[in-house]
Amino acid sequence: MEQFFDVLEIQPTKDEAAIGAAYRKLLPSHHPEEDPEGFRKLREAYEKALEYARTKEDGEGAVGDMTPADTFMNRVRGLYEDYDRRVKIEEWEDLLKDPVLQDLEYEDEARVKLLSYIMDGHEMMPQAVYSLLEKMLMVQERREDLEEHLDPRFLEFFLECANGSIDRGFDFSAIYGFTDHPDGEAVDRFIGGLYFLANPQTEWTEEMFNQVSEYGYSHPWFVFLRKCYAYSHNLLMEKEMDAFIRECLDIEKDHITGLEYRAYLALTKYYISQDKTRDAFFYIRQAERWNCTEEVRRQEYETGSKLADELLTQDEMDENTFLVLLSACHYGKKARQGLEYVASHPREVEKQDVYHYFLYMLHEAEGEYDAAFQELEKSEKTAEGDSPRKLTGERVRMYMAMEAYEQVEKLCREAAEDKSEQPNLYLYDAWQQACEKMNWPADVVQIFFEAREIWENYMPFYERAARAYAGEGIYRSAIRVLEPVAQYNPPFLKDLAEYHYQLFCEDLGHCAPEEAEQARSCAKAYEEQFGRQWWMPLQDGWMKVLEGKNDAALLCLEEALKLLGNAKEEEEIEEEEYNRKAADILIKEARAMITNRTDVTNEILPEESPARAMDKLREVFSFAKSNQMAYETILCAERMLDCAHKLGIEAELKDLLLDLEKEFANVPSRFPVQYFIDHILCELYASLGDPAQARKRLTQKLHTGVIPPFWCELPGEMHVFNPIPEGMESSEILDDMLTAMVQMPQMFTKEELRSAVPNACRSIENWINSGYAEYTEPSTLCSYVLSLIKYGPALSSDYNLLLGAGENPLFLKHFGEISTPEKRRGYYADMMRLAHYAGRIQDQIRYATEYKKAEEEANPYCRDYRLPLEEAAYKEKTGCSRFRLRDLATVCLFQGKIEDAKRMAEELKEHPMCWYCTKSGCLEYYLLLSEIAMMEGNVEGARENAVKCSATEWHKHDETAQAVLVYLDKLAKKDEPAEKKSILKSLFGNRRN
């Protein structure tokens with residue numbers, strides 16, 4: 001019993017509905033045409049589970065407990081399982097006379113149960129039976145009600161079978177070879193096997209035929225397919241040849257779906273052997289319409305090329321042969337010869353649209369698109385009928401080849417809006433491709449939703465929509481697109497694993513255990529289909545690093561490196577890709593060593609951890625540098641910076657970078673190597689106590705001669721940063737400048753530090769008042785102001801001046817137009833703190849409320865699961881739930897709920913440290929404690945925790961903690977205004993939350 005319930009992946013139960021649901025869930029993964037053996041096992045488990053469910057145990061009740069609908073279904077099962085009766089229409093007519101179908105109380109129940117039984121894999125019946133069932137059960141008339149109980153897709157399938165839309169020409173009554181009481185289930189599997197073998201997409205093997213023949217049945221389809229297989233493998237007896245060819249021609253005449261493709265291939269091979277090239281070319285063209293495989297394309301080329309050579313030597317030929325020549329020239333890749341022949345042999349056939357259509361194909365093959373467009377127009381104009389035919393697809397194909405994607409998008413959109421035309425799969429496909437090429441992700445997704453309603457099983461639509469979501473970092477939606485179809489399309493499991501992995505690793509709001517588990521589950525399912533590949537242990541290893549399972553991570557990464565080497569040896573990847581991936585794996589190994597933890601508190605292990613990591617990084621650094629891999633070399637250097645600070649070997653790293661600078665001086669690279677070398681050396685010189693060299697590197701990094709010249713420049717001279725390093729914006733350079741002033745103040749004079757904020761505010765005011773800001777990108781002004789209100793409080797206590805910049809009407813106008821939830825979150829957090837420092841308590845509370853809203857919009861966990869921050873913060877205890885709880889505590893604190901904030905600060909201790917943190921403490925935790933103490937008027941406590949917060953950074957200057965210290969210094973110099981004291985007392989006083 002347990003075994004067949006294991007196959008159904010449910011616990012033992014007597015609930016037939018649960019058994020049926022489990023069966024239906026797994027059925028798409030074991031389609032009888034694609035996985036006959038899997039279908040057989042699943043069906044056997046389903047039948048045995050039903051048998052168990054219907055077995056009455058002592059005390060369970062008697063048969064009298066069954067409803068009339070249950071009794072009716074026993075008759076249905078008996079009829080279907082006896083195949084000899086199943087195919088006889090009179091048997092079904094007798095069944096449908098059952099009184100239950102006229103019983104008002106049980107009629108609906110019986111109808112739903114019968115249709116549900118068919119839906120659960122009992123669909124192998126003649127078309128006449130479907131027509132009878134539809135007529136007697138009134139499926140079309142009751143479709144809306146039935147969709148509440150049955151899959152709408154099944155009902156669509158049922159009705160198409162009933163009206164003959166789905167008729168694959170299969171003669172159910174022609175099966176023979178069974179005994180007087182055939183096994184209905186085995187016959188189903190036999191029929192499923194025949195459909196599978198007849199599928200044009202299927203590649204045959206002897207094993208497949210043997211599996212189908214094991215059932216002991218026969219059928220004309222099976223006999224014919226056996227002959228096709230034997231002929232294709234040169235196994236057919238010579239004396240059988242003539243009869244077989246006649247069979248192929250008869251099938252071609254009768255249009256038996258599923259067998260025509262095999263017949264066309266056989267006829268192609270036969271006529272090639274008879275040296276009848278024109279006939280062979282005709283039949284391979286027919287086969288191509290069913291399945292354009294590599295073999296079909298090869299035969300098209302060979303027969304087309306040979307036929308073109310034969311016909312090009314003729315000066316006289318009838319009009320039909322002339323058109324065949326043009327087609328042969330196209331498929332035989334002799335377009336130029338065909339065009340030259342046409343130029344020298346004008347014919348009356350020029351009045352036919354098909355003639356111009358063939359000329360279009362020849363010109364297109366030669367890349368002569370203007371001429372091809374002209375022939376398309378002539379083809380449309382010469383077409384017979386009241387209205388010219390539209391050749392939109394052909395135009396789209398050429399525009400795609402020309403990479404004119406805007407034209408493709410325009411044509412496809414117009415075609416989609418033309419409701420008089422039937423939807424065209426190719427046009428929707430090209431439309432979505434063009435939008436993807438132009439990086440229009442919203443359009444890619446919108447086309448997916450439209451096209452899916454028409455072509456549910458066309459997988460490229462799903463794949464591109466998922467990529468569009470993932471490209472925007474919306475991994476949850478990418479997963480939702482692929483999950484329903486991945487079970488039918490195993491290659492999608494790789495993408496699904498990647499999106500879960502990205503969700504776990506990059507999206508802070510989703511750094512939850514279930515995401516890692518889903519990534520591993522999808523990777524394992526992919527592995528079962530395609531074997532173990534290097535990317536699987538690489539991803540798993542990095543996830544383990546982020547989970548703090550560093551020893552296990554190192555084992556995974558070592559396996560990834562070994563598998564990557566195997567892939568290189570087997571020439572599955574090129575050497576350049578191997579070098580980059582190998583460097584990536586080695587850097588991740590070093591990161592695992594740097595961040596090695598002992599327990600949930602994430603205390604760093606002893607000094608040997610960064611020492612081991614440094615040895616590994618030296619190895620990677622040398623490897624990447626010798627292969628002139630700029631990005632990997634710099635990434636490795638940044639990781640080495642972490643180790644150097646821990647080990648006190650900054651001087652060694654400085655020398656390595658100076659050598660690197662010389663080596664890469666004349667190496668062309670799109671990656672701004674010098675910019676990042678200057679960036680790292682600036683930090684190194686500052687930590688080594690050499691402010692002059694640090695300032696020099698910062699100057700060189702920002703490509704400007706004097707630091708900081710732009711603070712008091714006139715608006716027209718603001719762009720003194722040229723040339724800006726590739727990929728950098730002027731606002732990013734401003735951000736770098738302010739960061740350096742906060743984190744490495746020793747590089748600047750006291751006057752520069754003192755005047756930085758007033759001059760910056762004056763610069764913004766001049767910029768706006770002169771009207772210059774109206775003619776610049778809104779992002780430039782916004783980024784400028786956002787950097788100022790973020791770093792300004794750490795440099796100056798001119799809070800009202802900074803608030804004025806953040807509340808400037810023009811800034812707010814632009815910010816409202818371009819802001820994202822992430823930017824709004826940072827803006828409101830900075831303004832909330834500035835308002836507190838300035839004593840504007842009501843504004844502080846208002847900004848805190850807006851900060852919470854922006855946090856919920858920006859935080860994917862809140863957004864995707866539609867949870868308020870209060871619920872999201874307590875959903876789990878992970879490194880990232882720590883962020884959510886910290887943010888909630890900060891909101892409460894600045895709203896005046898101090899006791900709540902204190903309680904949450906204590907609860908933070910129970911959460912693991914954030915996964916990317918390589919510090920000995922937690923910056924965010926100490927900052928929260930500092931601000932709580934500041935709110936309570938505990939100056940010493942606030943100062944002590946602000947210092948601890950900054951101490952977690954190697955440069956000892958976190959900007960938010962530094963702002964607290966500036967504020968505390970101001971308070972020490974001058975008592976708080978009486979007005980502010982009274983507001984604080986009235987709001988925060990002795991009130992408990």
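Analyst: Helices H36 and H37 are roughly antiparallel to each other, a term for angles over 145 degrees, while those under 35 count as roughly parallel, 65 to 115 as roughly perpendicular and the rest as oblique. The model is predicted, so local features need pLDDT of at least 70 and side-chain atom pairs pLDDT 80 or more, whereas totals for chains, interfaces and linings use all residues. Residues are numbered from 1 along each chain as its sequence is written, and side-chain values use heavy atoms, without hydrogens and water.

User: At what angle do H36 and H37 pack, and how far apart are their axes?

Analyst: An axis is a line fitted to C-alpha atoms, for helices over the stretch in contact, and angles between N-to-C directions run from 0 to 180 degrees. Helices are DSSP runs of H or I with at least four residues, numbered from the N terminus. Here H36 (residues 673–687) and H37 (residues 691–701) pack at about 160°, with axes 8 Å apart. The contact residues divide into 7 nonpolar, 4 polar and 3 charged.

User: Which residues of helix H8 are buried?

Analyst: Buried means under 20% relative accessible area, exposed over 50% and partly exposed in between, with a 1.4 Å probe and protein chains only. In H8 (residues 127–137), the buried residues are Val129, Tyr130, Leu132, Leu133, Glu134 and Leu137. They pack against helices H5 (83–86), H6 (89–95), H7 (107–119) and H10 (152–162). After H8 comes Met138, with a positive phi near 55°.

User: Is Arg464 buried or exposed?

Analyst: Arg464 is buried, because its relative accessible area is 8%. Arg464 belongs to helix H26 (residues 459–471). Apart from neighbours within four places in sequence, Arg464 is in contact with Asp429, Gln432, Gln433, Glu436 and Val444.

User: How many disulfides does a search of the whole structure find?

Analyst: A disulfide is a covalent bond between the sulfur atoms of two cysteines; the criterion is a pair of cysteine sulfur atoms within 2.5 Å. The search finds 0 disulfides. For Cys435, the nearest cysteine sulfur is that of Cys412, 8.4 Å away.

Definitions and conventions
Helix = DSSP H or I, 4+ residues; strand = E, 2+ residues; numbered from the N terminus. Nonpolar A, V, L, I, M, F, W, Y, C, P; charged D, E, K, R; others polar. Contact = heavy atoms within 4.5 Å.
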